Amino acid sequence: MKNSVLLGTLAFAGLAAAGASAATLDDVKARGTLNCGVTTGVPGFAEPDANGVWQGFDVAVCRAVAAAVLGDADAVTFVPTTGKTRFTALASGEIDMLARNTTWTFSRDTDLKFDFVGVNYYDGQGFMVPADLGVSSATELDGATVCIQTGTTTELNLADYFRVNGMSYEPVPIETGAEAVQQYLAGACDVYTTDRSALAAQRAGFENPDDSILLPEVVSKEPLGPLVRHGDSEWADIVRWTLNALISAEELGVTQANVEEMGSAAGDNPEVNRLLGTEGELGAMIGLDASWAKNAIAAVGNYGEVFDTNIGEGTAIGLARGLNAQYTDGGLIYSPPFR
Amino acid sequence: MTTMTDPPKAEGFRIGQLINDKRYRSYTFQFIALVLLILSFGWLINNAMNNPILQRVGIDFGFLSDPAGYDINQQPIEYTSQSSHLRAAIIGAINTLIVAFLACVTATIFGVIAGVLRLSNNWIISKLMAVYVEMFRNIPVLIWIIIIFTVAANTFPPIAEFRIPRDGSDAERGLLFGMFAATNQGVFIPRLVFESAGWLVIGTFLASIVGVFGLRRYARHKLYSEGRIVPVLWPSIALLIVPTVLMQLLLGSPVGVENPEMGRFRFEGGFLMRPSLIALWFALSIYTGAFIAENVRAGILAVSKGQTEAAAALGLRPGRVMSLVVLPQALRVIIPPLISQYLNITKNTSLAIAVGYMDLTGTLGGITLNQTGRALECVLLLMAFYLTFSLAISAIMNVYNNSVALKER
């Protein structure tokens, strides 16, 4: 008797667990909010503003997905994660998706059982040093003390770079970017290394940004993008195509300002019509409303607008589009067609 | 009244007896507890087996032999980023033991001093010690670690001031005595370097230590059997120093000192005590020292005043009263809680990650876990390591405890 009750409970728990992993879309709809993992705070990418509202380049991806799925860009619960806690949070189902400048690597995609749905920022690892250190190239860093965020790919790239160049260094492992900056500014390490976008972002927040320089070397490829759990392809599709919708919108000239007008009735461009749901059944195919992409674009703007308002050259962070320009402008940002 | 003496009727066993009969009741409850325990463990294990992540990934310790790929700053044994994850874990384990050992030694010293001084008749000293104890044991050790680390990083002079400017002029600061430099990247101290004959010097020193123990044994024997007091302190110090120094001089200084020297960015050569090690060591010592002080005080107070008075009446000097009468009895009270303080230190070293000290939790439970994603395996290994350390410390300390425990004759 006791046994059967127990087995019943176990079976139920097992089913509940399996259910949680299978249909993320249903869970999100039932919950009414999207649980999105972000950083603990990188200016421009994900950081709460003075009113406690999360803002940033990665945050916009979360908001776009929430707008596409739930029709409300504010229906997001942001879960700050560190380099170490992010994968556990995603794997355990605590968050539905992770948008936290996470590098798409082979082992994360296969061995850790995640699905990267695309790339929203092409980055590379760089080095920041104080200008008065008198170093102009990373090859002069033999013997230096280097601050690194533990649990990231930068840690491994750093070890490889110094080994390949026959140089030694003293690693100072640090948990979060904020602590690393604190150590760097206190002079407890000579060099701070992480993705160049994050270096630029953090340097912009310094009291005297000109006292620090970024070295020219880019020692790795860091394609950063949102990711979801392995095994729920429908949900992965939703996140992937929401990101693609933002990218296509820029390519097709759909902006936050004109999306309402363009989406109100079918226009001349069939691809815009399909994207905004005035033609075809794309929404039904992905399991969402016909206006899913329109909602996402209306909430955060197209990819270019998201870039410009958060990290672009007009902001304090001042990143150029570079590799992150549309393919039509010589960049790598490219969305498959909406067809 | 005859009924009272009647033997109990030989009735058959009834189910109700399991609860009502004193003879069976304890078995019943033990059985129920056992079943509940087995069921709850079964539930936990079953839950883990049904876990969707685990079902996908499985349990596999093979990653331990893969190259770790990351560097570790404090390397007690040789290690490169191409060494295996297992070796990284072992480095972490050794680093854990290093800081645990250092902290146990200094915590004991702090604790004994503070505990004895807290009983001092001098009002200011005893109150100062009370403040120390109450302040340090009532604030979490993690906070102390971070405070000391921050203070060290911000008060020690920046290493840039020790660098030789590129125009070739003198650096702003030099080494203290040409040997020491306290910087915000750590404290650089000289290192001993051994030529091949250096081992003879070390051997002599070890033999001297054995000699000191022999001397103390002899002195105790003399005291107990003949009542003669043989001087111990100065002969011990002489025995420790003289033969080793003689050996060093005779063999032409095979044990040398390597001073740190300024390189391009930092000191090279010598030995570097990193801020993370200093912060962790100092914080653990001073925090646990406060607890040990209370143990010591309790131990001394547990020896009745009559003992002290009787010893004084026999004409013993206060120092001897303490060392021959009070402390041997107090130790019986002090040692058992001291063991748990040592275990606490060892386990609290896992807070090292807060300041980036690469202990076992930092390597195996931190970077390895995170880079391989093998959380369950890493955590199981972590538990095994810490359990082994703790049980080993317990075992060693229990041997010592038995040697000071009351021996009934």
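**Rings and interface**

Author: Start with Tyr121(A): at 5% relative accessibility, this residue counts as buried. Buried means under 20% relative accessible area, exposed over 50%, and partly exposed in between (1.4 Å probe, protein chains only). This is a predicted model, where local features need pLDDT of at least 70 and side-chain atom pairs count only at pLDDT 80 or more, while totals for chains, interfaces and linings use all residues. Residues are numbered from 1 along each chain as its sequence is written, chains are lettered from A and ligands numbered from 1 in the order in which they are written, and side-chain values use heavy atoms, without hydrogens and water.

Reader: Ok. How many aromatic pairs are there over all chains?

Author: The search of the whole structure finds 26. Rings of Phe, Tyr and Trp (its six-membered ring) pair if their centres lie within 6.5 Å. Planes under 30 degrees apart count as stacked, over 60 as edge-to-face, and the rest as tilted. Phe57(A) and Tyr121(A) make an edge-to-face pair, 6.0 Å centre to centre with 85 degrees between the planes.

Reader: Which parts does that pair tie together?

Author: Phe57(A) lies in helix α3 (residues 57-70) of chain A and Tyr121(A) in strand β7 (residues 121-123) of chain A, so the pair ties together parts 64 residues apart in sequence. Helices (H or I, at least four residues) and strands (E, at least two) are DSSP runs, numbered from the N terminus.

Reader: And is Phe57(A) buried or exposed?

Author: Buried, at 2% relative accessibility. Ring pairs also link Phe57(A) and Tyr121(A) with Phe45(A), Tyr303(A) and Phe307(A) into a cluster.

Reader: New topic. How many residues does each chain bring to the contact?

Author: Chain B brings 40 residues and chain A brings 45. Contact means heavy atoms within 4.5 Å.

Reader: How much area do the two chains bury between them?

Author: About 3500 Å², with 52% of it on carbon and sulfur atoms. Buried area is the accessible area (1.4 Å probe) that two parts lose on being put together, summed over both.

Reader: How many salt bridges cross the interface?

Author: The rule finds three between chain B and chain A. A salt bridge needs a side-chain nitrogen of Lys or Arg within 4 Å of a carboxyl oxygen of Asp or Glu. One of them joins the side chains of Arg274(B) and Glu170(A), at 2.4 Å, N to O.

Reader: Which helix of chain B gives the most to that side?

Author: α13(B) does, with five residues on the side of chain B that touches chain A.
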